[in-house]
Amino acid sequence: MRSIQRRLSLGLIGVLLLVGLVLAQTSLWLFDLGLRRYLAEGMRGEAELLLSSLVRGPNGIQLDEKRLNPVHQQPYSGRYFIIELDEEPWRSRSLWDAELPMPSQKGLAPQLLPGPDGQELLAWRGDYKRFGRQVRIVVAQDYTPILESFRRVQWTGFALGAAGLLLILALQRITVRRALRPLEDVRQQIAQLQQGQRSELDNQVPEELEPLVAQINHLLSYTEDTLKRSRNALGNLGHALKTPLAVLVSLADREELRDQPELRETLREQLEQIQQRLGRELGRARLAGEALPGAHFDCAEELPGLFNTLAMIHDRGLDLDWDAPEGLRLPWDREDLLELLGNLLDNACKWAETQVNLTIRGGDGGYSLMVDDDGPGIAEDKREAVIGRGARLDEQVAGHGLGLGIVRDIVESWNGRLSLQQSPLGGLRVRIELPATLAS
């Protein structure tokens, strides 16, 4: 879709060109019409002067050349006449050997007539009676210099009009940009909302944008309230289920089920999976906190709290450490990254002996997240199986399987890559590569 600026510019150009051409042509036409009428009055007076130059002589009616305008004696001077007296014409010497067409009607000729030497003539015809005889007089004047002046005025007008149009377009562009600047401010504020740097849009906007900003702020408030209610409901549900789950686990260990080991084992497995799932969702709600939806992940702000939470959960004196460039922000949803890192670090803490490290690196080529522990690690031939959802290598410890399956799904949704490697600490390294091109 074309930009608003371009559409406004094209529309303005079209309107100005149309209005400008109509006004210019109308003005020239009116000026030309007025000038022709003015010149026609002069030619009528000239025709009457020629009529008075017809005098009686020894041989009848004659033309007294002493009374003629001298320009009528110069060849191709641009001033011409023809006098017809009973079909007997007198011609001005300025016509030389050229012919002057006779206008079809009295008064000013509706069109210019062709004249000698490529001239275009403005002609006027009058019918009179002189000495009782019919006299027809045609007076013509060269209109070519005036037409050339009109053409020069047209080209000058076109040049000035083009310059004026460019100036108007420049001013219009500046005006439109200034008028649309509040929209750019709103766009930047929405980007800040996405990054979690603000909770709502500013209300100080032009009145045309007030309904839009008010609606967005209402939507943000509604979304935040919905998330709070969902988080609270999840926490309440989790706590409400803890007691019934504890009772069921206790019932699974009763003497009555020892005679049915398969049923007892199946029941314990299912209850353990429910506990793991419940613990994961409660942990996610606890780690997410009160962040706005869509907030990006600021390592310096989020990682300390995440590691403090993990230290309280895994109170075994583990050495938990993280390393990320100063000011690094990961351009993905904060809650998704908290869930991803929470699962990875939680798994690492469960298997580590003494140490867990998180390393984050970023650049134009993408982002790299590495979680290392000094635990027993995973054999190379079994690593692919662990990444699969629900796979477990040790049933005695709430292990890697479910958490890594969830991590895999998140990484794949971002077009990233998850791999398990040997850690420099001696245990397992979980490495995640995320492309930078999909982050924006």
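**Surface patch, salt bridges, a pocket and local backbone features**

A nonpolar patch covering about 460 Å² of the surface is formed by Val15, Leu18, Val19, Val22 and Leu23. The model examined here is a predicted one, and the values reported below were computed from it.

Charged side chains were considered next. A search of the whole structure returned 14 salt bridges. One of these joins the side chains of Arg44 and Glu41, with a distance of 3.3 Å from N to O. Arg44 and Glu41 both lie in helix H1, and because they are three residues apart there, about one helical turn separates them. The relative accessible area of Arg44 is 33%, so that this residue counts as partly exposed.

A salt bridge is also found between the side chains of Glu99 and Arg91, with an N to O distance of 3.8 Å. Glu99, with a relative accessible area of 61%, is exposed, whereas Arg91, at 32% relative accessibility, is partly exposed.

In a further salt bridge, the side chains of Asp298 and Arg329 come together at 3.3 Å, again given from N to O. Asp298 is buried, its relative accessible area being 12%, while Arg329 is partly exposed at 26% relative accessibility. Beyond these pairs, salt bridges link Glu84, Arg125, Asp127 and Arg136 into a network.

Attention then turned to the open spaces of the model. Empty space that remains between atoms can be located by rolling over them a probe the size of a water molecule. The second largest pocket has a volume of about 320 Å³. Its lining consists of 16 residues, of which Gly20, Leu21, Gly157, Gly161 and Ala162 are the closest to the pocket centre. Helix H1 and helix H2 (144-194) each contribute at least two residues to the lining of this second largest pocket, and the largest share, nine residues, is supplied by H2. When the lining residues of the second largest pocket are sorted by class, 10 are nonpolar and six are polar, and no charged residues are present.

With a relative accessible area of 31%, Tyr76 is partly exposed. Phe131 likewise is not a glycine and has a positive phi of about 55°. The loop that holds Phe131 lies between strand E7 (120-130) and strand E8 (133-142), and Phe131, at 31% relative accessibility, is counted as partly exposed.

Glu433 is placed in strand E15, which comprises residues 428-434, and is partly exposed, with a relative accessible area of 22%. Between Glu433 and Ser419, which are 14 residues apart in sequence, the distance from C-alpha to C-alpha is 8.6 Å. Phe307, for its part, is found in helix H5 (residues 299-313). The relative accessible area of Phe307 is 7%, and this residue is therefore buried. Phe307 and Leu320 are 13 residues apart along the chain, and 7.0 Å separates their C-alpha atoms.

Conventions
Residues numbered from 1 in each chain as written. Predicted model: local features only at pLDDT ≥ 70, side-chain atom pairs only at ≥ 80, totals over all residues. Heavy atoms only, no water. Patch = residues over 30% accessible without salt bridge, like charges linked within 9 Å, V, L, I, M, F, W, Y side chains within 5 Å. Areas by Shrake-Rupley, 256 points an atom, 1.4 Å probe, with all protein chains shown as cover. Salt bridge = Lys/Arg side-chain N within 4 Å of Asp/Glu carboxyl O. Helix = DSSP H or I, 4+ residues; strand = E, 2+ residues; numbered from the N terminus. Buried < 20%, exposed > 50% of the residue type's maximum accessible area, 1.4 Å probe, protein only. 1 Å grid on protein atoms, 1.4 Å probe; cavity = no way out; pocket = protein on both sides within 12 Å on 5 of 7 lines; lining within 4 Å. Points joined across faces, edges and corners; volume = space filled by probe spheres on them. Nonpolar A, V, L, I, M, F, W, Y, C, P; charged D, E, K, R; others polar.
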